[in-house]
Amino acid sequence: MNFNELPDRRGTLSYKWDQREKLFGGEDVLPLWVADMDFKCSPAIVEAVVARASQGIYGYTIKSKEYVDAITGWFRDRHHWTMDSSWLTDSPGVVPSLSIAVRTLTSPGDQVIVMSPVYNPFYDVIVKNERTIADSPLILKDGRYEMDFVALEKHMRDGAKLVLLCSPHNPGGRVWTKEELLQLGDLCIKYDVQVVADEIHCDLVFDGNTHYPFASLSSALAERTVTCLAPSKTFNIPGLQTSFVAISNPDLKRLFDGEVSALSIGSVNFFGPTATIAAYTQGEPWLEAVLTYVKDNHDYAIQYLGEHLPGLTPVPSEGTYLLWVDCRSLGLAPAALKRLMYRDAKIAFNEGSIYGKTGVGFLRINLACPRDVLAEALTRFTQAIERIGS
Ligand SMILES: Cc1ncc(COP(=O)(O)O)c(C=O)c1O
């Protein structure tokens with residue numbers, strides 16, 4: 001596994017690489033934005049998908065016991081969470097699952113809690129389903145985000161029905177501790193608030209941190225939680241559009257499944273179960289190697305920024321392959337930050353305002369790329385900032 005080599009993704013219909021002219025105004029822009037990795041997948045997944053493709057008929061697909069066992073085995077072994085196969089429902093994506101959960105657990109006009117800055121589709125699944133955003137911004141304290149339990153409780157007291165929890169947190173990089181999750185859970189129980197836990201980043205956790213599945217913390221929390229999961233971030237297969245939810249409460253599951261059925265999106269992608277089985281049964285060594293590489297990239301970026309751009313403040317990540325950087329000292333509005341990146345530096349990080357008002361002045365760097373690419377992007381960024389300063 002050589003993560004130092006950049007696979008040439010140009011001309012592969014890559015969302016990240018093949019839209020550079022359209023989105024950023026130049027084919028020479030280095031893309032470190034949308035969350036997929038510039039690393040080839042685990043050979044086990046590639047082999048399984050190639051063998052599946054060589055069958056030559058891409059017909060409607062059923063789930064096998066092997067598929068369900070692969071999922072439950074992974075969460076048992078990696079997260080000490082014993083799931084029952086009856087809890088699982090397939091979904092074409094975690095974001096579609098979030099949307100379905102919002103539709104089934106709330107009514108139009110209801111308040112749904114998010115903790116900004118947060119992954120931008122969280123807002124869409126609330127607003128586009130005609131619910132209302134109840135933002136409880138995270139508190140940035142000593143370079144680390146914390147939940148604001150006072151603001152959370154106020155929203156719940158005021159009638160919010162649901163929390164969209166991002167765990168681990170994108171873009172803030174937090175891997176929530178058991179204590180934090182339990183404190184949130186106590187509030188949810190007290191005010192009868194349900195939880196949609198987006199745990200897509202659950203496997204991308206750096207040493208010294210532990211991901212706790214929210215629903216695994218107690219039966220009272222499991223009762224009120226819909227957990228949205230996928231092998232897509234972990235194993236870099238998001239284009240296969242394969243994901244699932246785990247719901248142990250039969251009443252909640254019936255509601256969720258009813259909406260899946262109404263939308264008629266219950267069938268699985270031809271390649272999805274094949275890739276999922278390979279990932280969860282053979283992918284772990286690849287994942288461990290990726291985590292080591294990404295953590296080194298993370299430390300490299302933080303050191304580089306400290307030496308070359310000490311005015312900027314990275315928020316160290318405990319997990320995910322994303323680095324959130326506080327660039328407010330540049331004093332640039334979102335449009336100017338974009339110009340600085342796309343036009344002057346010829347790089348594309350994610351501009352922070354898409355993650356909410358609390359993201360204004362921040363940038364999100366995708367660290368899942370060869371070290372040379374990261375180094376080149378940081379160099380270009382530094383030089384562009386030096387040019388505007390001179
Ligand atoms: C927190 C979070 N949820 C969901 C997704 C995307 O999920 P999907 O592609 O399965 O809809 C992402 C992708 O970056 C993410 O960061």
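Student: What should I know before reading the values?

Tutor: The model is predicted: local features need pLDDT of at least 70, side-chain atom pairs count only at pLDDT 80 or more, and totals for chains, interfaces and linings use all residues. Residues are numbered from 1 along each chain as its sequence is written, and side-chain values use heavy atoms, with hydrogens and water left out.

Student: How many disulfides are there?

Tutor: A disulfide is a covalent bond between the sulfur atoms of two cysteines. The criterion is a pair of cysteine sulfur atoms within 2.5 Å, and the count here is zero. For Cys 41, the nearest cysteine sulfur belongs to Cys 369, 16 Å away.

Student: Which residues of α6 are buried?

Tutor: Helices are DSSP runs of H or I, at least four residues, and strands are E runs of at least two, numbered from the N terminus. In α6, residues 149-157, the buried ones are Phe 149, Leu 152, Glu 153, His 155 and Met 156. They line one face, because they fall within an arc of 160° seen down the axis, taken from the directions from the helix axis to the C-beta atoms. Val 150 and Arg 157, on the other side, are exposed.

Student: What covers the buried residues of α6?

Tutor: The cover includes β3 (111-114), β4 (132-135), β7 (162-166) and α7 (178-190), where contact means heavy atoms within 4.5 Å.

How values were computed:
Buried < 20%, exposed > 50% of the residue type's maximum accessible area, 1.4 Å probe, protein only.
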